[in-house]
Amino acid sequence: MTEVLTVQGLAKRYGDLAAVDGVSFTIAPGETFGLLGPNGAGKTTTISMIAGLIAADAGTVTVAGKGMGPSETAAKRHLGLVPQELAIYPDLTGRENLSFFGRLQGLNGRDLSRRTQEVLELIGLADRAGDLTKNYSGGMKRRLNIGIGLLHRPTLLILDEPTVGVDPQSRNSILEAVEALSSEGMAVLYTTHYMEEAERLCDRIAIIDEGSIQAEGTRDELIKLTGGVDRINLHGSGNSVAAAAALRLVPGVQHVDGDGSALSLTVQDGPSVLAGIVTGAGNAGMSVTSVEITRPDLESVFLHLTGKALRD
Amino acid sequence: MRQLWIMILKDLRQRVRDRSVFVFSLVVPLALMGVLSLVTGGFGSDDPGLEPVTVAASAANDDQLAITVLDTVESQEVVDVTLNRMSADDARAAAGSGAADMALIVPEDFGGSLRSGSSPTVQVVQGDGAGLETDVLISVVVGVVDQLHAASVAAAAAGSAGLPPDTIAAIGNQAAAGAPALILKEGQASDEQLSFHGTLVAGQAGLFLMFTVGFGVLGLLAEREEGTLARLKSMPLGHGTIMASKAAVGFILGVAATGVLLVTGSLLFGVDFGSPLVVGALTLSVVAAATSLTFIVARMVRTAEQANVAQSILAMVLGIAGGAFFPIQGSGFAQTLLDINPVGAFIRGLGISAGGGGLAEVGAPITVMLVFAGICLVIARIIPDRGARA
């Protein structure tokens, strides 16, 4: 058993609603695994069961080889949780917050002091460590929220949408911190509904919707599910109908849709066929004023798998 | 156990910084004690504080029984009396002018009338400054005259029966030596009744205890709202550690606040609640009862705001019904409800303690409070946790 986290057949129901339905995946040491899905997809419920906050109706969770549940303390020692909502005490200072949660995780003495200082520097709050956190900015609170989760050097760090409501600068700081932790060998479970974050951070990604995993793999593996085609949108004036007919004959073009002054094409390897498409449209009597190439991404994958946009 | 203490110390640090615990647990009840005390008579002890009285008295110098009446009034120990002898008219004038608080006029031949079996009338004239003090003296006069009359009647009856003179004298003395007209005894009106200021201090301590313990267990709801409860649940904590720490914080705050209120109130108002050991046992018991009640509140509400409202209602109902402001009496089932009120039991217990009662004597109120605590804990385990489903 080399996986840090093994989730097998996890399920949770609330009345008639299946919040999570048969979720399974594993995370290896040093791997960053993303759970990508829209709000209400079941990401937080899945994480709540993995972190032992709530009991699963079915399925098992194993963290570092130890079974996880609400009363399983052995597995929880290997876990660091960064909840989606801020989980810090406003009447304590940043250092006191870290120290309190560190003690509960078993740190004490010099080890606690040293580790607290390290984390304060990592999250950029060393100079504000003595301030009450109610006086922190939103971004500072977010960074402290993350710092508490990684204080005790957990084997598995769970981050539940850590960048929601964060300014761009703090967001980038958070993403860099996660990348650094991953490079140090920490396994990370990262949930988000931001496609760009999943693409940047995650070695593997599971796309989750309506409580179940729709697909899982690396970014490239997931994109292949869409057929790997690019989309080219042409805007212009002139005879678009004739242009559409002409472009269907261009090598590499799979599909053409016309909509007045705009054409939408599905093509293999868009950049290599782009010149022929613009020339063909011109020869058919359409004067092209703008061209847009869209390469397949996780948004396309989600659309392909579920028939709806990721941020619906 | 280490984790439990870590959580307790964190909560206590938060409460100290928050300062609201000081306001609700100490400042408000002490202020309320002061206001209520001022409204009802001011600070100080419960001594009624009888003022010295000047009595203008008239009696015949050669009438031994009349002199006995005046001596009795002058020598009683309840009121400090200055007795000035003068004529009957002057005595009336002195009372009328305010030179004396009271005129006491023993008629001529008072002794002869008694010995003849008749009932002579002793006149009392109260001046403008008359009050509780002169009422006390009037009752003394009535008492001594009744005793002298009884003695003379007994002696006359013995004489009529042809008894020898020494026997007649003995019977007269025996009748005259009845119970004294007035006895001052320091003590409680009943074994379970505190003085006014004692009730005020104990009642406010009991009432605001209900608020104070809320800072502990109901802090659990604040953790839920702040999101920290989820993080705590992800920590390797032993089963029940989170709830136990909140209960312990409420208990510690409750004991500390009640102790400070009782001590401060005692010093401010001159109240003696009796044995510290007994008061301590009563305090621990009532705090246990109040803390256990908050477990039910914590299970029934969804937010800290709802909890504060519920806690305030419970505090006022239990406090008022327990006699925090004034004694409440009932009958039948209503009285039973009043008897099982932990605030009422606490005040009753302090009454017994103040009257000199020991641990054995306060067993009943302590039992009431501990049984109340036990029942609340059982109910809290049975009812569903509405907050957890919120």
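1. Helices α8 and α13 of chain B cross with a right-handed sense (the near helix turned clockwise from the far one by less than a right angle). This is a predicted model, in which local features need pLDDT of at least 70, side-chain atom pairs count only at pLDDT 80 or more, and totals for chains, interfaces and linings use all residues. Residues are numbered from 1 along each chain as its sequence is written, with chains lettered from A and ligands numbered from 1 in the order written.

2. α8(B) spans residues 196-212 and α13(B) residues 276-300. They pack at about 40°, axes 9 Å apart.

3. From α8(B), B:Gly206, B:Leu209 and B:Met210 make the contact; α13(B) supplies B:Val286, B:Val287 and B:Ala290. Contact requires backbone-placed C-beta atoms within 7 Å. By class, five residues are nonpolar, one is polar and none is charged.

4. Now α16(B), residues 342-354. Its 13 residues reach 18 Å from first C-alpha to last, close to the 18 Å expected at 1.5 Å a residue (1.5 Å times one less than the residue count). 13 of the 13 are buried, so α16(B) is largely enclosed by the rest of the structure (buried: 20 or more other C-beta atoms within 10 Å). B:Gly356 follows the helix, with a positive phi near 105°.

5. Between chains, 21 residues of A contact 17 of B. On the chain A side, α2 (73-76), β6 (79-82) and α3 (94-104) each supply at least two residues. α3(A) gives the most, with three. That side has twelve nonpolar, four polar and five charged residues.

Note on methods:
Two residues are in contact if their C-beta atoms, placed from the backbone, lie within 7 Å. Helices (H or I, at least four residues) and strands (E, at least two) are DSSP runs, numbered from the N terminus. Ala, Val, Leu, Ile, Met, Phe, Trp, Tyr, Cys and Pro count as nonpolar, Asp, Glu, Lys and Arg as charged, and the others, Gly among them, as polar. A residue is buried if 20 or more other C-beta atoms lie within 10 Å of its own, exposed if 12 or fewer, and partly exposed in between; C-beta atoms are placed from the backbone. Axes are lines fitted to C-alpha atoms, for helices over the stretch in contact, and angles run from 0 to 180 degrees between N-to-C directions.
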